[in-house]
Amino acid sequence: MTSPRPEPRAPLSACIITFNEADRLADCLASLSFCDDIVVVDSFSTDATVEVARAAGARVLQRHFDGFRSQKDFCVQQAAHDWVLCLDADERVSAPLRQSIESARAAGFGSVAGYRFARCSEYYGRFLKHGTAYPDRVLRLFDRRRGGWRGDREIHEAVSLDGPAVLLAGDLLHHPFRNFMQLLDKKQKYARMMAEHEFARGRRATLAKLVLAPAWRFFRGYVLRGGMLDGWPGLIESFVSANYVRQKTIMLWLLQNGQPVGGK
């Protein structure tokens, strides 16, 4: 009696959005070599991003950027396969995570709609394992027929699913900034985008929120979630995270009082 033939592994597409990521994209794409299809949606980079992507075998499409969520949703729709793995150019699939994804794919991804996994971020020369930075579980592997980048929030966007998600072992490695000043600029940009999002939905800043929310963010990350165990990098990350909350609240107050926040 012959044993039944195993089902072929499920095809998988990788989806990445980019803008001026030539220095970081190659490592990201190399970590996705196990995917059957890689699509990059670029926002008209002025560096060699497109050349790097094509050299790695990715399909490259150009689209004007109108928001992180919208750009990622467009990218997912261009994928060749229904199961998609979404990464940013500053992220890499670690060897343990790849093994977990490969195992799930070999089983046809089961009956779930998607998978979560921890994201481990490098701050100031160290991958942080405590505080608000970890485990930072993200939902990036999913069946686009049952989920996607939905909603109207273009910043701190997230995937939603019509079905259950399962946690995979292994970390997604994250290198969120090139240098400290770039990190501060990035946080300030995100603070403004979130302030505008909250203002458009009727949320308002208060004196209590301005004073207490940053203090709570610092205390929660540094004390309650053990950021102190990451040494100086954990301390600095906790301060930067608290400052992001402070900036967002100040910008929200400016918007609700008709004051200028600044240029785009």
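Me: What is a salt bridge here, and how many does a search of the whole structure find?
Reply: A salt bridge is a side-chain nitrogen of Lys or Arg within 4 Å of a carboxyl oxygen of Asp or Glu. This model is predicted. Searching the whole structure gives 26 salt bridges. One of them joins Arg 178 and Glu 21, at 3.0 Å from N to O.

Me: Which parts of the chain does the pair of Arg 178 and Glu 21 tie together?
Reply: Arg 178 sits in the loop between strand S11 (165-174) and helix H5 (180-200). Glu 21 sits in the loop between strand S1 (13-18) and helix H1 (22-30). The pair therefore ties together parts 157 residues apart in sequence.

Me: Is Glu 21 buried or exposed?
Reply: Buried means under 20% relative accessible area. Glu 21 has 13%, so Glu 21 is buried. Arg 178, at 38%, is partly exposed.

Me: What salt bridge does Lys 72 form?
Reply: Its partner is Glu 157, with the closest N and O atoms 2.7 Å apart. Lys 72 is in helix H3 (residues 68-77), while Glu 157 is in the loop between strand S9 (147-148) and strand S10 (160-161). They are 85 residues apart. Lys 72 is buried at 8%, and Glu 157 is buried at 18%.

Me: Where do Asp 171 and Lys 129 lie?
Reply: Asp 171 is in strand S11, and Lys 129 is in the loop between strand S7 (126-127) and strand S8 (138-143). Their side chains meet in a salt bridge of 2.9 Å, N to O. Asp 171 counts as buried at 15% relative accessibility, whereas Lys 129 counts as partly exposed at 40%.

Me: Which residues do salt bridges that share partners join into one network?
Reply: Arg 9, Asp 36, Arg 98, Glu 102 and Arg 105.

Definitions and conventions:
Residues are numbered from 1 along each chain as its sequence is written. This is a predicted model: local features need pLDDT of at least 70, side-chain atom pairs count only at pLDDT 80 or more; totals for chains, interfaces and linings use all residues. Side-chain values use heavy atoms; hydrogens and water are left out. Helices (H or I, at least four residues) and strands (E, at least two) are DSSP runs, numbered from the N terminus. Buried means under 20% relative accessible area, exposed over 50%, partly exposed in between (1.4 Å probe, protein chains only).
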